[in-house]
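Biologist: I would like to learn how to read salt bridges and helix packing in a model. Shall we go feature by feature?

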Amino acid sequence: MTAEQTRAIAKSALNPWVIAIILSIPVFLNSLDLTVVSAFLPELIIELKIPLQTGLDDASWIVSGYLLASIVSLAIMGRVSDLAGRRIVYIISMLIYIAGSYLVAVAHTYPTDILYSLYRRSGQMIDPAYVNLQVIIIARVIQAFGAGAITPASMALVSDLFASNRRAVVLGFIGAMDTLGWVLGHLYGGLFLQIDGVKWQTIFWINIPITVFALIITLWALRGIRMRRSKGYFDLFGAVFIVGALICLSIGLGGINLNTAGTSIETLASQTALPFNWGLIGISAILLLIFILIESRVKSPLINLHLFRRRNVNMGLIANLFIGYCLFIGLVSVPILINIRQESIATMQDAALLVGIILGTLTIPMAIATIPGGWLTERFGYRRTIVGGLIISTVGFLWMWRTWTLEVDNWLIVAQMVLIGTGIGLTFSPISAGVVNSADDDEHGVASSLVLIMRLIGMTISTTSLTSFALNRVNYLASEQLAGVAVNSDVYLRTYATIAAGVLAEIGLIGAVIAVIAMLPALLMKDEHFAKENS
């Protein structure tokens, strides 16, 4: 879109930046909803009177189902927004999200009664509590299918509203809101439930008026603006294979686990590493190969493979994979370190609050840094901005590696998290702009989805591989240093905690190495398109 078109849009509606901020509200809300449920899962299990041994596994699908449905939506709705138009897809996605939020909030009433009645008519006798849980999971899947499409549709919308050399700030900002919500969901839910008399359903009731407000204001702001549509048809066959590949990959990698806030020395010592499911990962690779074959032959592919011939798309997505990996290092390490320092924390509630505060010093600077990241991109281009941000993060990771012990001061951890978060945040804008600007105008939806999918894959690989590394490494060192020491004795627990803190410091070194590796594809990105737009 040319600068003249952008100026015409600005005159005919709200300022594009106001529209972008309004769009970011439901983006943040729907990403919060992925992890917010982890705060009330124990309460839900007790409320439903489900046995704890089986209830946690069954209830975990409230999170897993949301994640998988979001992946499905991400994979297909970017292309749908290119074909049908951003506005119609945005409207439908918001309505689906609202419907899902409503169904979660009322799941314990008539939806459970209806499903329970259907079971009875079919001759099946099922505990009403499990029927209620099934309804909640189904409602969450519906909610997630709408939520998964909102972020790429929003990014595509703002790509149409801003000229290519002015997109970096806004794309990075919306992408950061998506990631920030995922990270803060557990803390948000925990703080919300501290209010006397508030039930967990209230969290989902609040979603509805806020989302309706954002939808109405956005539709008013976009009135009279013609939405871009691409020609072609929806590749259903290809969609089946890419969705299958992403689901198998996500399950094979173990999914994203943010429930480390309550990790203690005892639970850490009793856990075993959960390995990757290589069978599912292999199936994912096969499905991906079939998808590529299909896309190379159809006239209207779900994802145009020619996109990957463009250097900025290839290199930007690879860099984003590594950046997603780096992002989760703090999220894996900080909760464990805080909780193994038991003698300095009065209760687990105090530990959870401290974890939330320190993680906020990682994620809030990350979100704020997308703004200067966009400005720097407009002035210096993609490569230098991305590499500059990664250098800052590398310094933070190396500092973490050299200083983390059981006695490390919390203020030192805060300073390191601020550095890491700021550096990662600076990369969001140039990565998103580099990929989206390299796509044709009628492929912005697909390009936005690819940015989000690659970051998600990097985050998923990070949480599983780092957890496995930490558990294996800690238990290996403990077997060497604690041979013959009585388990659960003061000496055992203190030594085990010291070993764990040292391994967490080593994770900082891993973060520095991954950040340096991410610089390599970033350096291969081209700034010619950006320079041309500014000339």
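Modeller: Start with burial. Buried means under 20% relative accessible area, exposed over 50%, and partly exposed in between, with a 1.4 Å probe and protein chains only. By that rule Glu443, at 9% relative accessibility, counts as buried. This is a predicted model, in which local features need pLDDT of at least 70, side-chain atom pairs count only at pLDDT 80 or more, and totals for chains, interfaces and linings use all residues. Residues are numbered from 1 along each chain as its sequence is written, and side-chain values use heavy atoms, with hydrogens and water left out.

Biologist: How many salt bridges does the structure hold?

Modeller: A salt bridge is a side-chain nitrogen of Lys or Arg within 4 Å of a carboxyl oxygen of Asp or Glu. The structure holds 6. One of them joins the side chains of Glu443 and Arg310, at 3.8 Å from N to O.

Biologist: Which parts does the pair of Glu443 and Arg310 tie together?

Modeller: Helices are DSSP runs of H or I with at least four residues, strands are runs of E with at least two, and both are numbered from the N terminus. Glu443 lies in the loop between helix H17 (410-438) and helix H18 (444-481), and Arg310 in the loop between helix H13 (278-295) and helix H14 (311-340), so the pair ties together parts 133 residues apart in sequence. Arg310 counts as partly exposed, at 25% relative accessibility. A network of salt bridges links Arg310, Asp440 and Glu443.

Biologist: Which residue forms a salt bridge with Arg473?

Modeller: Glu506 does, with the closest N and O atoms 3.0 Å apart. This pair also links distant parts of the chain: Arg473 is in helix H18 and Glu506 in helix H19 (residues 490-523), 33 residues apart. Arg473 is partly exposed, with a relative accessible area of 28%. Glu506 is partly exposed too, at 24%.

Biologist: Are Arg86 and Asp82 buried or exposed?

Modeller: Both Arg86 and Asp82 are buried. Their side chains meet in a salt bridge at 2.3 Å, N to O.

Biologist: Now helix packing. At what angle do H5 and H6 pack?

Modeller: Axes are lines fitted to C-alpha atoms, for helices over the stretch in contact, and angles run from 0 to 180 degrees between N-to-C directions. Helix H5 (residues 61-84) and helix H6 (residues 86-105) pack at about 155°, with axes 8 Å apart. Angles under 35 degrees count as roughly parallel, over 145 as roughly antiparallel, 65 to 115 as roughly perpendicular and the rest as oblique. H5 and H6 are therefore roughly antiparallel.

Biologist: Which residues of H5 and H6 meet?

Modeller: Contact means heavy atoms within 4.5 Å. On the H5 side are Tyr66, Met77, Val80, Ser81, Asp82 and Ala84; they meet Arg86, Ile88, Val89, Ser93 and Tyr97 in H6. The residues of this contact divide into 7 nonpolar, 2 polar and 2 charged. Ala, Val, Leu, Ile, Met, Phe, Trp, Tyr, Cys and Pro count as nonpolar, Asp, Glu, Lys and Arg as charged, and the others, Gly among them, as polar.

Biologist: What about H8 and H9?

Modeller: Helix H8 (residues 128-161) and helix H9 (residues 168-192) pack at about 165°, with axes 10 Å apart. H8 and H9 are therefore roughly antiparallel. Thr151, Ser154, Met155, Val158 and Ser159 in H8 meet Val170, Leu171, Ile174 and Asp178 in H9. By class, the contact has 5 nonpolar, 3 polar and 1 charged residues.
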